[in-house]
Amino acid sequence: KYYTTVGVDKMKEWQTVTTIGKASMQGTEYPFRLIMKRPGKIRIEVEIQSMKMIQAFDGQHAWTVTPWTGSTDAQDMTADETKIIKEEADFEGSLYNWREKGHKAEFIGKENMDGSPAYNIKVTKADGDIENFYIDADDYVIIKGVSVTKNQGNEIVSENLNSNFKEVNGVLLPFTIENKSKGETVSHFIVDKYEINTEVSDSLFIKPVKKK
C-alpha cells in the first residue's frame, strides 16, 4: 500500500531529481539545492553567508567543500561519511526492494505518532545499520524515519519528520522535512520545488581538480 500510494513505480522512471528550497539551522535560513541522478549520484549545495558548502558522491567517490575552514578545495570524505551519502543517493530508499539489497525488514507493530496511528517497520541493513520507518496507517506515507548509524566507532541516532505531502509527476513527496538529534531540531527544510528529469551533467558529481 505504501509503494502504491507514494507512486514508487512512477519514481523508478525518474533519472534525475533536483530539490530546491530553504534550510533553517540555528535560527538562520539558507538556500539549498539537492541534485540526484541515477545510478547513485548525489550533490548537496547550501549557501551560507555567500559561501557554498558542497557534498557530493559520483557513484564511487565522495567529497566535500567547506569554505569556512579556510579552503575552497574539495576534500575526500571519510569512509563513514561516504557510506552515509551513498545511501542518501538511493532514489527509493532502503525500504524499497529491501530483500534484493541484502537488508532485513520486520513489522514491529502499530504505534501512536502524535495522535496518528502508524506502522513501525524496522530495516536492518546489510552493513548492520538500522532504520525504522513509521508509515501513516491512514495515508500510507512515511511520516517519520529513525536511523542508527556508526561513525568513527560511535552510534549516531537521528530522526526525520516528513509532512506537507504533495503530488509531483505522479509521486507523493514531502515539502517539509525536519531533522532531529537527541530530541532537538537540528535542521528544518522547506521545499520550494522538485524538478524531475531535467538535464544534469555528470561533471557536477566529480571531484574538481585542486586549484594551483
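At a relative accessibility of 12%, Tyr 96 counts as buried. The cut-off for burial is under 20% relative accessible area. The model is a predicted one. Tyr 3, with a relative accessible area of 34%, is partly exposed.

A search of the whole structure returns 6 aromatic pairs. One of them joins Tyr 3 and Tyr 96 in an edge-to-face arrangement. Tyr 3 belongs to helix H1 (residues 2–6), whereas Tyr 96 sits in the loop between helix H3 (79–88) and strand S7 (104–113). The pair therefore ties together parts that are 93 residues apart in sequence.

Phe 32 is buried, at a relative accessible area of 8%. Phe 189 is buried as well, at 18%. An aromatic cluster is made up of Tyr 2, Tyr 3 and Tyr 96.

Two lysines lie over ring faces. Lys 166 is placed over the face of Phe 175, at 4.9 Å from the ring centre. Lys 144 is placed over the face of Tyr 134, at 5.5 Å from the ring centre.

In soluble globular proteins, nonpolar side chains tend to be buried together. In this model, the largest nonpolar core holds 41 residues. Trp 14, Ile 42, Val 46, Leu 95, Ile 135, Leu 173 and Tyr 194 touch the most other members. Another core lies apart from it and has 5 residues, including Ile 54, Ala 56, Trp 63 and Ala 74. Contacts of Ile 135 were listed without residues up to four places away in sequence. Its partners include Leu 95, Pro 117, Ala 118, Tyr 119 and Ile 121. Tyr 2, Tyr 140, Val 141 and Ile 142 are among them too. Of these partners of Ile 135, Tyr 2 is a member of the aromatic cluster with Tyr 3 and Tyr 96.

Strand S9 (residues 130–136) is mostly covered, with 6 of its 7 residues buried. S9 pairs with strand S8 (residues 116–124) through 7 bridges, and the two run antiparallel. S9 also pairs with strand S10 (residues 142–151), again in the antiparallel sense, over 6 bridges. Tyr 134 takes part on both sides. It is the bridge partner of Asn 120, and it stands opposite Lys 144 in S10. This is the lysine that lies over the face of the Tyr 134 ring.

In the hairpin of S8 and S9, 5 residues separate the strands, and Gly 128 has a positive phi near 100 degrees. In the hairpin of S9 and S10, 5 residues likewise lie between the strands, and Tyr 140 has a positive phi near 60 degrees. Tyr 140 is a residue other than glycine. It is found in the loop between S9 and S10. At 17% relative accessibility, Tyr 140 counts as buried. It is in contact with Ile 135.

Ser 94 is located in the loop between H3 and S7. Tyr 96 lies in that loop as well. With 10% relative accessibility, Ser 94 counts as buried. Its side chain makes a polar contact of 2.6 Å with the side chain of Glu 131. Beyond neighbours within four places in sequence, Ser 94 touches Lys 101, His 103, Val 123, Lys 125, Glu 131 and Phe 133.

Two further backbone features were identified. Arg 38 and Pro 39 are joined by a cis peptide bond, with omega about -10 degrees. Pro 39 is part of the loop between S2 and strand S3 (41–48). Asn 164, a residue other than glycine, has a positive phi near 55 degrees. Asn 164 lies within strand S11 (residues 154–168). Asn 164 is partly exposed, with a relative accessible area of 40%, whereas Tyr 140 counts as buried.

Definitions and conventions. Residues numbered from 1 in each chain as written. Predicted model: local features only at pLDDT ≥ 70, side-chain atom pairs only at ≥ 80, totals over all residues. Heavy atoms only, no water. Phe/Tyr/Trp six-rings, centres within 6.5 Å; stacked < 30°, edge-to-face > 60°. Helix = DSSP H or I, 4+ residues; strand = E, 2+ residues; numbered from the N terminus. Buried < 20%, exposed > 50% of the residue type's maximum accessible area, 1.4 Å probe, protein only. Lys NZ or Arg CZ within 6 Å of the ring centre and 35° of its normal. Core = buried A, V, L, I, M, F, W, Y, C linked by side-chain atoms within 4.5 Å. Contact = heavy atoms within 4.5 Å. Pairing = 2+ DSSP bridges. Polar contact = N/O pair within 3.5 Å; in protein donor to acceptor, adjacent residues only side chain to side chain.
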